[in-house]
Amino acid sequence: MTTANPNGPIELAQTGKRDFLQALEKKYQKRWADEKLFEVDAPPPEEGLSYDELREKYPKWLGTFPYPYMNGSLHLGHAFTISKIEFGAGFERMLGKRALFPMAFHCTGMPIKAASDKIIREIEMFGPDFENYSAEAADPKEPLPPASGSAGVPVAVDKAKKGKVAAKATGLTYQFQIMESIGVPRAEIKKFADPQYWLTYFPPIAKEDNTAFGARIDWRRSFITTDANPYYDSFVRWQVNKLHKMNKIKFGERYTIYSPKDGQPCMDHDRQEGEGIGPQEYTGVKMEVVEWGAKAKPEVEGKFDGRRIFLVAATLRPETMYGQTNCFVGTAIKYGVFAINDKEAYVMTLRAARNMAYQGITENRGEIKQIGEIEGTRLIGTRIKAPFAINPEVYVLPMDNVLATKGTGVVTSVPSDSPDDFQTLTDLRKKPEFYGIDPKWAAIDPVPVITTPTYGDMTAPALVKKLKIQSQKDTKQLAEAKEIAYKEGFYSGTMIVGEFKGLSVQDAKPKVRESMIAAGVGFAYAEPEGLVVSRSTDECVVALMDQWYLDYGEAGWKEVALKLLGKMNTYSSETRNAFEGTMAWLYQWACARSYGLGSKLPWDPSFLVESLSDSTIYMSFYTIAHLLQGGVIDGSKTGPLGVTPEQLTDEVWDYVLGRAELPSPSPIDPKAAATLRHNFRYFYPMDIRSSGKDLINNHLTFCIYIHSALFPEKLWPLSMRTNGHLMLNGKKMSKSTGNFLTLKNCVEKFGADASRLALADAGDGMDDANFDEKNANANILRLHTLIDWCEEIAKEEASLRHGSKDTVHDRVFEEEVKDLINQTRAHYDATNYKDALKTGFYELQTARDWYREATADIGMHSDLVFWWIRIAALMVLPIAPHFSEHIWTEVLKEKSSVQLALWPTPEKPVDIAVLESGAYMRGTVKAIRDAELSLTKKKSKGKEGAYDPSKPKALRIFVASSFPLWQTQCVDAIKEAYDEKTGQVNDVQVRETLTKLSLIKDKRTMPFVQTFKKRIGQFGATTAFKRTLPFSEVSVLKDLVPYLKRTLNLVDADVWLTEDTEGKTGPGFTRHIIDLAEPGSPSFEYRNV
């Protein structure tokens, strides 16, 4: 029984069965650990065997997932991704492979350091144990800062104190509160002011939680990242050194997302908000003020030390500047006047000025010098120069839809090609008094700039008319029109004015931009595509800076990376398409920073290797980590080979992971080096990497690039699969709403196996999955009930049937189980764990239930029942190993652990004829029961007939031996179109024949054709075209009669061939019912007796 929490997880009212299962889980987890079942080693090298031959003799499997970040406990989303490799490891072990599932702990980057810095500040504010904290004192009741600052953008408050981002994510304000919420005692929180403490605190918790989950992880291979682990640090330094020498890491000036507060680039893993957002490049357009409007003049004239004043716009379409008719500003925005140098000042938003300050546009980098402020409404009527425009001077006009959070807040107006501009200009002309403008300010008509095949030389007016846009408030239609106009102009447009008249827009765009910059009326400008907030809660900008970057997107490297992707199994077209899409836009990635934790850049130690750049090939480190480290994750103890970090020079790494020879003299014992190389070459390439789909945009694609650069083709990853995000109870997981579970909470609440079953059932594709707690709770009962049944059967074995297994139900049961074994294996092979659970757990029990019911009169056969129990334990072993272990050892009395058992591959192929006879039996039973139910309902409604279901009754079943004419004609058409050599059916020819026979429009025809073609594949053409069922209907139905009589409470039941009913009349021989029978679909009639 459960009680519902409207805002989050359910609460369990009774826990007896769960407690029983959890006790079993702890028992078997201890056994697995004691027997070291998940410690997987490479076989020793064998003379004369290549690594391909060695792996053929001793098959292996290496599965990995992105190591979790150690700034908290693992949540259910982590568990979902982990489960994909965990289930895979369990299955691959059953195929006789050395299945290696390692796990490490990611500590590189800003999050830990940023959180530590917050704790330091909070200790200063509230004392070492935060004893001086009070909600009232910390959060005074005062008005929040206004939504807009002096330049129409959000005020940059000290979010380390206000903690708005953290509050949004967790409902908590301070870092110490967040630490308490995840179970850290308050007295211990001060220790987290040291970022290194995080590296020792959370990894053991992650290990403990995974162990309680039943994960088959080889913990000997675990490690932490950063230079806190000298072995991993050496590995990372080798990697970046090699990439640097290969010219894959370069140094140069480029745009990057940047945190002014942190003083360094802010990459994806460094962000509190805005992962995946990159720089958007614009052309800045300088529109010099010729004459201030009447409202602006008193406020600004003569106040800027003689500087020339420019309204500055940011455009993505410099080629349209010839068609400017005016300029727009937002009436709700306050603009700043910012000194660029001692001669010029720009009118724009503070947000834009903040970006420009880091792009070499202002005189001093990082300096924002605001010398004035003016409301947008006061700029209306100002006359300005329009660079490159046919009309050299235009007026500033108001626009409702100008955003302070995009561009500069100043918008050039080209109504010939911008639907927004055209509609706003139209509105202003219609109601000049309403908008407070002089009609002459809006007097310039749209100027043709570009011609397109679809819309001519006035694209915007044509689209506004086509989409029936009436006002600038029709934002949805305008957004659609804008997208159409841009694509039409860019891909199909031709310039009809200006210096580049006659060129395509694609060719003209960069040339116009270069000309504007050369003329001093334009400049390069960039800003983030959306809001980006760093882990230190700083709103980021785009900076133009010299930095070390990985040259992703470089043509030659990209070609090799695409080759790797082409060879790799992605398990779904959606995943492959997402990879291809990322590779299409990915271009240069800053790989170094100066703040946070990590490995130092070898040739420039003032920088650290960025967190997404030290984690691209660490899967290879798993293959040797246990040989280097002495059983500790920080590498503080030397491992079994006696190799020290200092001995791992780049030359040694080139030998171990590359193709180089060991240097002479060697800094490392050659035998130790050979052992390291052997372990790497046996386990590599990685067989599968599983991850959330959000990492395709960075980590997974980086993984492809770096593998393609550092390793030969035979060592490239074999596959990558991705999954969607995990919802909880149909809603997004959220700490603030309480709809949240950690891995530990989940296992404590439901037990490991019930949780694992629910995770498997949650889904496998790229769509978001759902962990349903009601399902997890139901799994407790399912597992407990199945254990009870198996144990009861074991006690009552003597009462089961023995001897021959030759009844039709015995044969059907055996073949159905064999078929489910094969289906389930195919699902596991495809990593479709939801489907594997369906066939290997749920449908397997359905088959048992039918067998139990069908043989109630004679009893189930002992051999088949215990065989089924064995299969049940093995088929769900990858997903519910504790249940399987209990059945294996306690019910089946096997001495070795079930973790060593192999997949139960059937010795003989499935007998399709027997399988079909079973499906035929169940289908017939269902049809007969449905018919009786229908007759009973009719009687209850007062519809009297010759048959009364409440009185003693009998059943007569009619079997036809020949098919209807239309089906015979369909089969003949397929036979004529069948090619014996290729085994293929010419579908076009079939359709032509059926059309001639006037059968193509019959709704029964095509489904029958498809089914028949499937039968050709199942039984072969010879059997299929004979038009005979692969079993005797009469024989099967006669075997079914005892079951029907028993379960339907019949006095009698008999089976007749339709041809034997000729001349028969009276009750039970109704002619129109007899005529309904077809081969494979008997008809039947109830009668009273």
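Guide: A salt bridge is here a side-chain nitrogen of Lys or Arg within 4 Å of a carboxyl oxygen of Asp or Glu. The model is predicted, and a search of the whole structure finds 61 salt bridges.

Arg 308 pairs with Glu 288, and their closest N and O atoms are 2.8 Å apart. Glu 288 is buried, its relative accessible area being 14%, whereas Arg 308 is partly exposed at 42% relative accessibility. The cut-off for buried is under 20% relative accessible area, so Glu 288, with 14%, falls in that class.

Two further salt bridges join helices. In one, Arg 929 meets Glu 853, with the closest N and O atoms 3.4 Å apart. Arg 929 lies in helix α34 (residues 912-940) and Glu 853 in helix α31 (residues 833-854), so parts 76 residues apart in sequence are tied together. Arg 929 is partly exposed at 30% relative accessibility, and Glu 853 is likewise partly exposed at 33%.

In the other, Lys 27 forms a salt bridge with Glu 890, the closest N and O atoms lying 3.6 Å apart. This pair links distant parts of the chain, 863 residues apart: Lys 27 is in helix α1 (residues 16-34) and Glu 890 in helix α33 (residues 881-891). Lys 27 has a relative accessible area of 44% and is partly exposed; Glu 890 is also partly exposed, at 34%.

Finally, a network of salt bridges links Glu 39, Asp 41, Asp 218, Arg 220 and Arg 221.

Definitions and conventions
Residues are numbered from 1 along each chain as its sequence is written. This is a predicted model: local features need pLDDT of at least 70, side-chain atom pairs count only at pLDDT 80 or more; totals for chains, interfaces and linings use all residues. Side-chain values use heavy atoms; hydrogens and water are left out. Helices (H or I, at least four residues) and strands (E, at least two) are DSSP runs, numbered from the N terminus. Buried means under 20% relative accessible area, exposed over 50%, partly exposed in between (1.4 Å probe, protein chains only).
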